[in-house]
Amino acid sequence: MAKSALASSDHPSSGKPSMRQRIKSFAIDYVRQWELQTMVIPGILFMIVFCFVPIYGLTIAFKSYTVIDTLSSAPWVGLENFKIILSDRYFWDSVVNTLAISFLKLAIGFVLPIVLAVMIYEVRHSRLKKFVQTVSYLPHFLSWIVLGGMMITWFSTTGLFNQLLLDLGLISNAQNILLDANKYWWIATLSDIWKESGWGTILYLAIMAKIDPTYYEAAKIDGAGRLRQIWNITLPNMKMIISLNLILTISGLFGSNLDQTLVLMNSQNREKAEVINSYVYRMGLAQGDFSYATAVGLGVSIVSVILLLTANKITSKLNDNQSVL
């Protein structure tokens, strides 16, 4: 009786493959593609060591941890750190700054790479197209240390920006706008867009390069102009990659560019420049409150996952129930 049951479970017609069949199939696939499979092993080990093993460290969010403790010896405090977060005014200030900058980047920085990619794709002169692509990609390869230093120099009272405005007669007195907290949100948004917009066009250009040119030829025969072709052919073919980028952007609303913030933030604009990542950095490494900083990071990560799943659900509804992720 037991043998017949075992035999029926291993039989291909029983529906689900058995564990033995799965292992055998995996072994066959591994041997057939051993070169590619072996290349994946370092990446898997990297994820295990640097992504999964540190998850145990999240327990200090529920403990009172100090540098003289170990992860196991630190006393448990339950949700005390999270209660402190809810009453911390400086944390909520960083949340407001983070969301303000993120929504500005979403409103401007999400659309601009799409528009730029379409404009580059429509350029017929190959040399001009390569030149525009190179110039737009270049800022991405410069670190924020370099770009931040350039911006600090440009926006100083004797810098290029003020001298240009003085020469044009738009201002009468030079002022360093990086010291003006009320202008920081726009400075952070526009500088990030300047740095990353060109790099963001790569995926869109790759998708557009795969569009069948006969679609455009048929549209021309029907009398459609360039704008009509872009609206009815180019953009619909980019729908899935646009949805994917939108999901990732929405899930990262509570994230922010720490490098940019640390370079551009100063004592004068900290009120508007402090974001969640820099707040966690300051509380954890500068002030040594590791438990509190971990609790903030854990809470933000949970909210980001919720935003990711929500955005995926909404976009799947808009894409005829086709899930992007």
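**Helix packing and selected residues**

Trainee: Is the crossing of α8 and α10 left-handed or right-handed?

Mentor: This is a predicted model, in which local features need pLDDT of at least 70 and side-chain atom pairs count only at pLDDT 80 or more, whereas totals for chains, interfaces and linings use all residues. Residues are numbered from 1 along each chain as its sequence is written, and side-chain values use heavy atoms, leaving out hydrogens and water. Taking a helix as a DSSP run of H or I with at least four residues, and a crossing as right-handed if the near helix is turned clockwise from the far one by less than a right angle, the crossing of α8 and α10 is right-handed.

Trainee: At what angle do α8 and α10 pack?

Mentor: Helix α8 covers residues 144–154 and helix α10 residues 184–209, and their axes (lines fitted to C-alpha atoms over the stretch in contact) lie 12 Å apart. The two helices are therefore oblique to each other, their angle (on a scale from 0 to 180 degrees between N-to-C directions) being about 130 degrees.

Trainee: Which residue makes a polar contact with the side chain of Q229?

Mentor: Q229 has its place in helix α12, residues 226–237, and is buried (under 20% relative accessible area) at 2%. Its side chain makes a polar contact (N or O atoms within 3.5 Å, one able to donate a hydrogen and the other to accept it) at 2.8 Å with the side chain of R226.

Trainee: How far apart in space are S301 and G252?

Mentor: S301 lies in helix α17, residues 290–318. Although S301 and G252 are 49 residues apart in sequence, their separation in space, C-alpha to C-alpha, is 9.4 Å.

Notes. Parallel < 35°, antiparallel > 145°, perpendicular 65-115°, else oblique. Buried < 20%, exposed > 50% of the residue type's maximum accessible area, 1.4 Å probe, protein only.
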